[in-house]
Amino acid sequence: MRQCLFLAGAVAIAFLPASALTQETPLREVRFTTDEVTDPDVVVLPDDEGLVFTLLGHLYRVPLEGGVAVQLTRGPFYDKEPAVSPDGTRIAFVSDRGGAGDNLVVLSLETGEIEALTNEVEAARPSWSPDGTRIAYLAFDLPVHPPQVPASRVRILDLVTGEVETLTADPAEYHGVAFAPDGTLYWSRVEREEGCLACSRSRIERWSAEGSVSEFAVREGVIDYLTVDSNSGALFYRKFFPAPLRRRPSAIYRVEEASGPDLLIFEGDVNAPRGLSWGQTFGVEPGGTGVYTGDYGHLWRGSVPAGSRLPVLFEAQVTNTLAVGAPSPPLPTYRDQRPAPVRMVAYPALSPDASQVLFTAAGMLWRQSLDGPDAVPERIDDGPAYDPVFAPDGESFAYVRDNGSADSNELVVSEGVTGTRRVLAQAFQWTWAPIWTADGTGIVVMSPGGLTLVTVADGTEQTLVPSGGWSRASISSDGEWVYATGDDGGVFRISTERPADAVELTALKGQSRNAIVSPDGRWLVFRRNAEIWVADLHEALPGDSVVTEDEITRLSAAGGLGGIRFTAAGDAVVYAHGPRIFRAALPQGSPEEIPVSLALPAAPRPPLVLQNVRVLEPAGTGFSEPLDVYVEGGRIVGMGRVPVSFDPSGATVLEGEGRFVVPGLWDAHWHPGSEIGGPGGYDLLTQGITSIRDAGSPIHLAIQELDRERATTEAFPRRFTPGEIFEGPEGVWGDWWNRIATEEDARHHVRLWRELGARFIKAYRSVPWNLQRVIAQEAEIQGLPLMGHAMIAEAVVRLVTLGFRSVEHGPFPQAYHDDILGLLAESGTYWDPTTGVQGVENTVRLRLDPGSEKRPSTSGFSGTGGRAAYGIGYGTSDYLGALQAQRQSLWSAHERGVQLLVGSDLRGGMYGVHLEMEALQAAGIPAADIIRMATLDIAVSEGVDADLGTLEVGKLADLILLDENPLEDVLNARLPWRVIKDGLVVHER
């Protein structure tokens, strides 16, 4: 049965059902005028009644000759892929109005009524039968998220009976679906050659009313959409040729003969593809004399057969309804000298007799006695330290320490009652997860070389299991078996004598991250996101069977992030959640808290005087005359005159000699990785980056770093973190991040991340749109802003509609047009384009000046060392065109009032922010505006402009001293003379 979603007047204005958008979700409207459109779907109305096209997620109608475009659909939804009924009275289209995945709905042009048609996981590409009684479409078992296009089936919906018939039993990569006037149904089925992204062909197949399927034609490339002229029955299609990394432009053809060649009607813009595998629809004029499509930011009519094109000019008054989203929280007051409780502990390990517990907090290693209620944690190592583990004797223990080098850690042993510590092994890049052998004579560690046994007595090393992408391992008490998680998430049992004979123990649908097995081989424990799961291997593995989903139990809804350890007896596990440690008996014991309490005072920031410096004024348009700046307790307490309470005699004095002082710069998109502090952070400080907006990193490390920042005077940038990225059920990045598969997952993890200390939520493109909506709803309730991943126009519109605070990245090699830029500007959504991700600037630089790859400021940028890879499918002229389009997009965004941020996404390494600022300046944006983007604007976006972003009395003393005026050229902000963070000189040149 069809369900009526909306009934209104002549223009449809729909509202989301309660199941999809709660009444508590605040909404707002933005209105603006535009005459450009990015990646529209287009359909031609019969009898020369005009065009219907999509603009910013809604349907619009305009005369064939152009003019004023009338908005047909509204509301906090995304509508696309319109198909007009043969009589011109109804439009079927794809929409998320049901609150779940995108499905088919139908709009009556006479009444404005919108009715739901399908209830698939996701549906696409509707096509009406000639008599208007049926609609053919694609039905997906998984959501469509370009560039991934999952397999689908072709189905037909009978609008009279409501029955659905599946025409293709086996799923395949189907794209276009189109009815011909005689009732024949055509579709394209894409075949790709394994291991060759550029190798693809499309089979055009046809289905007759009698139910037979036959092959009509075969074409090289991807036929992404096809349609049939309603009068002549001529078949038209859009096709592109995929290329490594990026795709070549799409083009529209008319089929001349089944064997080809076909007539080229319209060639697309090399700088404007939509997605990598799923393009926009186009319309055919009745009689087949013209095609209508969108490209270059405009609507076009391509004549048939000449192929000439004319623009269809229009103007539209846009009304888009958006979720408000949560504002950024203020910066906590953390300069108070009184001890403050740590916010995160990790890697807890219980001694065999349960009298002591080891753990890390603020990146430091701690040991606490559990014999009495008044025990105080003892600091063992300032670290950063990770993964402590007791020896079988309960006296010695081992752990991993970051030695400050960029490519190695140390395996440290604290020996017996003496507590003497020695480095047992070092130069293990990314060494982790030490395990003692049962006899206490050796320690097994994971490293890039595989699973390595280190002898405690002399540090000799032996490879037990070669490298194979294994994660955290465990070893049986007799040393014969190693258990580890593979790249595909399966848990394997590996013989130390025959490591090649690995046996997979699990066949799970969900994740099994960081799996460990008890020494007696009975209990399997692993984590899913932050949850802890357990299986009894003695019951689950009779004979050669494997552990399946119905044989696992969730032990805890939280606590899996900071490391899980078995107790000595192997019948319980110890884990941490936030600042608390728990012990839980297996398989379903109630968690018992192991009492630990740790509070750390703030490290003192001594007074500092900067003499004879020119300070960037708060407006950011000029510098002061030379003056003195007074800093105390990490904050600016005076400028020009000595504050009454300030004692200059006790201060460090730095003579600035007339240098220019600007606020510390931000990197708005940086991934700190799996470390606390570390050399990467210091490298950023050398370039004046005093704050980073973390775009995804392990939250148990990120929050420890925040505690460490307060408690020490170590030099690393201030971090604003979302913790782990939220990915979809089919994650792009393997087991790195959270997998969100259900609405329950989404709400639970948003709440949990807020509890753990995340400042915002980062949602990746792999999260289906219906789950991104749930994430957005719960984030607004919890007061957490949202960072979204957007590399195509559709993603930008959807994220802005859902109330995301910022959208990351930009299209390649496309330029956003006025409609997208207007939506960003009017909504106040921040855009962090991260131009370095696309590699356009650097590829052009390397091609025109090959010697530039040897320059330190270029060596870390995308494409360096692999220019050939960035050349496949594009010539230098293509990249020059893409660079021009990118710069035009940035300039237009600035002129439109879009709030731009400066982020690197690691591209360019420590120089990334400066390369990004250089790219913005090359686009014509004034240096003063770019400096503001990298300082005050990002501070405002993060809700911390009361403490950061400008140099004013009362604000934190994050600043850099420069030899030259950066308002004249942003390149002058490179290589600062001094860098000061929290009132501490953290870098000197």
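**Entry 1**

I looked up E714 and found it partly exposed, with a relative accessible area of 37%. The cut-offs I used are under 20% relative accessible area for buried, over 50% for exposed, and partly exposed in between (1.4 Å probe, protein chains only). The model is predicted: local features need pLDDT of at least 70, side-chain atom pairs count only at pLDDT 80 or more, and totals for chains, interfaces and linings use all residues. Residues are numbered from 1 along each chain as its sequence is written, and side-chain values use heavy atoms, with hydrogens and water left out.

E714 forms a salt bridge with R708, and their closest N and O atoms are 2.7 Å apart. I count a salt bridge when a side-chain nitrogen of Lys or Arg is within 4 Å of a carboxyl oxygen of Asp or Glu. R708 is buried, with a relative accessible area of 0%.

**Entry 2: other salt bridges**

How many salt bridges does the structure hold? I noted 59. Side chains of opposite charge can pair when their charged atoms come close.

I then looked up R798 and D96, whose side chains meet in a salt bridge at 3.6 Å, N to O. This pair links distant parts of the chain, 702 residues apart: R798 is in helix 6, and D96 is in the loop between strand 8 (90–95) and strand 9 (103–108). Helices (H or I, at least four residues) and strands (E, at least two) are DSSP runs, numbered from the N terminus. Both R798 and D96 are buried.

Next I took E378 and R367, which meet through their side chains in a salt bridge of 3.3 Å, N to O. E378 sits in strand 32 (residues 378–381) and R367 in strand 31 (residues 364–369), 11 residues apart. E378 is partly exposed at a relative accessible area of 39%, and R367 is partly exposed at 22%.

I also found a network of salt bridges that links R189, E191, R201, R203, E205, E215 and E220.

**Entry 3: helix 5**

I looked up helix 5 (residues 769–782), which has 14 residues. From its first C-alpha to its last it reaches 20 Å, close to the 20 Å expected at 1.5 Å a residue. The expected span is 1.5 Å times one less than the number of residues.

Is helix 5 mostly covered or mostly uncovered? It is mostly covered, with 11 of its 14 residues buried. Among them are W769, L771, V774 and I775. The buried residues pack against strand 62 (726–727), helix 4 (743–756), strand 64 (761–763), strand 65 (786–789) and helix 6 (793–801). Just after helix 5, G783 takes a positive phi of about 75°.

**Entry 4: helices 12 and 13**

Two packed helices are described by the angle between their axes and the distance between the axes. For helix 12 (residues 912–922) and helix 13 (residues 927–941), I noted axes that come within 10 Å and cross at roughly 145°. Axes are lines fitted to C-alpha atoms, for helices over the stretch in contact, and angles run from 0 to 180 degrees between N-to-C directions.

Which residues make the contact? They are M917, L920 and Q921 of helix 12 and A927, I930, I931, M933 and A934 of helix 13. Contact means heavy atoms within 4.5 Å.

**Entry 5: D224**

Last I looked up D224, which lies in strand 19 (residues 222–228). D224 counts as buried because its relative accessibility is 1%. The C-alpha atoms of D224 and G176 are separated by 6.0 Å, with the two residues 48 apart along the chain.
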